[in-house]
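This briefing covers a predicted model. The points below are grouped by topic and may be read alongside the structure.

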Amino acid sequence: MEGQLEKLTISEPQPVVPATAEAAAAAEPEHAHPNPAAQGTIPESELYSVLPCPLSELHPLLPEILRKQATQNIGCVGHVAHGKTTVVKAISGVHTIKHSHEKIRNITIKLGYANAKIYKCDNPLCPRPGCYKSYGSGKEDNPMCLRPGCGGRMRLLRHISFVDCPGHDILMATMLNGAAVMDAALLLIAGNEPCPQPQTSEHLAAIEIMKLSHIIIIQNKIDLVKEAQALAQYQDILKFIKGTIAENSPIIPVSAQLGYNIDVVCDYIVSKVPIPRRNFTATPRLIVIRSFDVNKPGTDAMDLQGGVAGGSLLEGVLVVGQEIELRPGIIVRDEQDRIKVTPIFSRILSLHTEENDLDFAVPGGLIGVGTKIDPTLCRSDRLVGEVLGAVGHLPEVYIDLEISFFLLRRLLGVKTEGGDRQAKVAKLERGEVLMVNIGSQSTGGKVLAVKGDLCKMQLTAPVCTNVGEKIALSRKIDKHWRR
Ligand SMILES: Nc1nc2c(ncn2[C@@H]2O[C@H](COP(=O)(O)OP(=O)(O)OP(=O)(O)O)[C@@H](O)[C@H]2O)c(=O)[nH]1
Ligand SMILES: [Mg+2]
Ligand SMILES: [Zn+2]
């Protein structure tokens, strides 16, 4: 995205007034919180006293960080039922499907998350790949090597958050939201189906657009095929990735279900996926990819807790006690149908990962931020698309965008009725409505004007973003969104 046309007027900053008496109580749940840092505004010097070293010396591999928090995000992408959720389970021990309607249909609908620690045996005689092993996020620092007769100790090398994307074609927007936080991706390809399937291509195109260059291809379900079939498919995969961003990616045959070759995947994650560079000293910016109200229905007003925002910190460090702002915040339309946004102000009461409570959070894996925000504002992912950060330091909110775009020349993998897979992408047209993904916000965008590869667009919902940010555009063709 290049430049902007119209900034949204941000109405007079004011803390959000909770709508109900219940919620008013929820906005002040401090009595329930034991952490003194959460009790009042704290000077910056004191806020950061929980860090193990000066801010500028923080590093994603610092043991104090690695032990508690995932510092990189790896996405699991690929066609429906190719084994994304199963491979995440094989690596992390966590089954990401938690919603009952997902369990019934056995497909992933929402983004799933699971953290895993990857270890390597410290005995130099312990051979690859068996010297690599993954555990869940709560595992101790130096477990014994389980290889019979080895006697070595495992050393923690990586702490990774897996973002398990849905493979179903109608859930492409969800997949793109997940892609916004990925540093690398595992592309799952089922060994017992011809390659590529439609979402194999679509997801690869999506991660290509997101400029994710670290990709590991997993040829899964290898237990279901004979060796010759696996080798033939290997050739098909090479053909499929030729000329794409995944051209030189490793291709690892695995059986996620039997846990076969998972150690090889761990080996490649450690040796082939670089530690993402993070800016720890920048003012913090977290994109919210889920939010919830942790209160059970019928909780006494006095015991209500503020809402929780879950997301990935792109840069900077968040500390318990810190004052925060969320943008765009609360969105309303005035009498003239103009959009007004009011940022939400709050304070961090707690920080946590699925397994661990944190005093501070660094960029990387998904974290939950416990806030003083009215929990009804956070209920069922209502904050998705918001950006959370230090007060007064967030990017502007925009409704009109000027973007420079390029359309993919081919519609990857689209099987049209006539079997013509090379159908050309039609030009963008004035008045056309596209789906726009910016950060974790997905919204509609109406094309106002097109000139060359520049396009002016008006969004259905405002976004908080920086000039120069990457965005993904999709258009509806035969009821499917294509980029
Ligand atoms: N035989 C065999 N079956 C597998 C393997 N991996 C996954 N499966 C099965 O394939 C089916 C789909 O697996 P999932 O992990 O849910 O697939 P997914 O890619 O997450 O599916 P969506 O999220 O709905 O796109 C399940 O019944 C798994 O048990 C494998 O390595 N071998
Ligand atoms: Mg799944
Ligand atoms: Zn060992």
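Helix H4 contributes three residues to the shell around ligand 1, the most of any contributor. That shell and the sheet across which H4 lies are set out below in this account of a predicted model.

- The shell around ligand 1 holds 20 residues, of which Gly83, Thr85, Ile107, Thr108 and Gly167 come nearest.

- Seven strands make up an open sheet of mixed pairing, in the order E4-E3-E5-E2-E6-E7-E8.
- Strand E4 (132-136) and strand E8 (251-253) are the edge strands, each pairing on one side only.
- From one strand to the next, the twist averages 30°.
- Strands in a sheet are paired through backbone hydrogen bonds, in either a parallel or an antiparallel manner.

**The pairing of E2 with E6**
- Strand E2 (residues 72-78) and strand E6 (residues 184-190) run parallel and are joined by five bridges.
- Within this pairing, Gly75 stands opposite Ala185 in E6.

**Helices across the sheet**
- Helix H4 (residues 84-92) lies across E2, strand E3 (112-121), E4, strand E5 (154-164), E6 and strand E7 (215-220).
- The direction of H4 is at about 45° to that of E3.
- Helix H7 (residues 198-209) lies across E2, E6 and E7, and runs at about 150° to E2.

Definitions and conventions:
Residues numbered from 1 in each chain as written. Chains lettered and ligands numbered in written order. Predicted model: local features only at pLDDT ≥ 70, side-chain atom pairs only at ≥ 80, totals over all residues. Pairing = 2+ DSSP bridges. Helix = DSSP H or I, 4+ residues; strand = E, 2+ residues; numbered from the N terminus. Axes fitted to C-alpha atoms, helices over the stretch in contact; angles between N-to-C directions. Contact = placed C-beta atoms within 7 Å. Near = placed C-beta within 6 Å.
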